[in-house]
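Keep the model open beside you as you read.

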Amino acid sequence: MLRVSTAIVLSIITLVSLTMAASDEGELRQTKLVDLGTALFFDVNLSRDRTQSCATCHDPARAFIDWRDSGVDAAASLGGDLVSLGDRNAPTLSYTALTPDFQLNAEGEYVGGMFLDGRESDLQSQAGAPLLNPIEMAFPDKAAVVDRLLENPVYVTAFRELFGDDIFIDHELAYEALTESIAAFEQTEFFSPFDSKYDRYLRGEYELSREEELGMTLYFSEQFTNCNQCHQLNLLPGSERETFTNYTYHNIAVPINKALRAANGLASGHRDLGLLENPLVNDPQQAGKFKVPTLRNIAISGPYMHNGVFQDLKTVMLFYNKFNARSSASQINPETGESWGEPEVAENISLTELESAPALDEKRIDALIAFMRLLTDRRYEPLLEFEN
């Protein structure tokens, strides 16, 4: 369980507020809204058992992921009861505010939305979902959450100042105000600073090593890799504010995380259908697809894949490479010494994308990893020395 001191919360509020110096009434309200959202984000009382906050599973000290072991190598998060265990890896909140709303694009592909299956359309609706999830923060309903807010006179004063004296009369409106506040905090530069070495390189403030330059060349190449088919939003390499995801959904043949399933008790035959679990989706061809994640802070946000089945970033790269490398060694997972395993969902695999590049040798794989390490926000760069 993450417990964040009041001093730390206040320092974060100060940091965020300084970036939003209010020059008029509207900006002043936004600053106060962010301050409220910051306090809410770190408040463990906003779980039924008063044991976890948003920051517990999205730790700002670790790129907004849950890096606690929880008995399964951080593959999934414990619920607020400290017993319940989910089946998916908590995605980072880094740069998540830039995610488009859930929609079908012009090509008929599902794009955007929150969570790995897009089941919440936007950032505000995502902010409220974990509070009511029985294996997360576990409140029975919105009214119970609002009752918890009413215990805190600071919240009562802040909500009434920002949303009106009658805000607590209707628990639906009060709950919406809570999610608006948290979403306002998540939209700040604190979550999306764009200050990595890659960003500094674009501004002429950082010089690439030879390996990093090779990795960047390979990454944006359409001849030697297929990375940017899914992990590039803007059309041109070097575009500012690149999020390194196009927010589409793919089944990349990820195997079951057997250790996680043994721990959380789901039946051995259970299949996580990904996008098809989204209540707005009923097309069987979407089974097994998950949203393409951002690669920003990827070097420090393991374990990887929707179920946390791989611990190391190089393992992920070797997994992708197995689709194009034909040697027997390439078909072995280096973390287990065994074959990669069968896909959890064997249909709808994005083979066109996965098989569209030549096999990579170790030098080029290492160069790509060196490039992805460049995507680490400045404040997390000290963590890179602990990563392979």
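What pLDDT does the protein average, and what share of the residues score at least 70? The average is 93, and 94% of the residues score at least 70; pLDDT is the predictor's confidence in each residue, on a scale from 0 to 100. This is a predicted model, so local features are described where pLDDT is at least 70 and side-chain atom pairs count only at pLDDT 80 or more, while totals for chains, interfaces and linings use all residues. Residues are numbered from 1 along each chain as its sequence is written, and side-chain values use heavy atoms, leaving out hydrogens and water.

One stretch calls for care. Over residues 1-8 pLDDT stays under 50, and the model has 11 contacts beyond four places in sequence for this stretch (a contact means heavy atoms within 4.5 Å). Where pLDDT is low, the predicted coordinates should not be read in detail.

Now to the charges. Side chains of opposite charge can pair when their charged atoms come close. Here a salt bridge means a side-chain nitrogen of Lys or Arg within 4 Å of a carboxyl oxygen of Asp or Glu, and the count comes to 18 salt bridges.

Take Glu161 and Lys32, whose side chains meet in a salt bridge at 2.5 Å, N to O. Glu161 belongs to helix α6 (residues 153-163) and Lys32 to helix α2 (residues 25-41), so this pair ties together parts that are 129 residues apart in sequence. Helices are DSSP runs of H or I with at least four residues, strands are runs of E with at least two, and both are numbered from the N terminus. Glu161 is exposed, at 53% relative accessible area, and Lys32 is partly exposed, at 33%. For these words, buried is under 20% relative accessible area, exposed is over 50%, and partly exposed is in between (1.4 Å probe, protein chains only).

Next, look at Arg296 and Asp199, which form a salt bridge with their closest N and O atoms 2.9 Å apart. Arg296 sits in the loop between β4 (290-291) and α11 (313-321), and Asp199 in helix α8 (residues 197-202), 97 residues apart. Arg296 is buried, at 1% relative accessibility, and Asp199 is buried too, at 4%.

Glu347 and Arg271 also meet in a salt bridge, at 3.2 Å, N to O. Glu347 is partly exposed at 33% relative accessible area, and Arg271 is partly exposed at 34%.

Finally, find Arg88, Asp117, Arg119 and Asp272, which are linked in a network of salt bridges.
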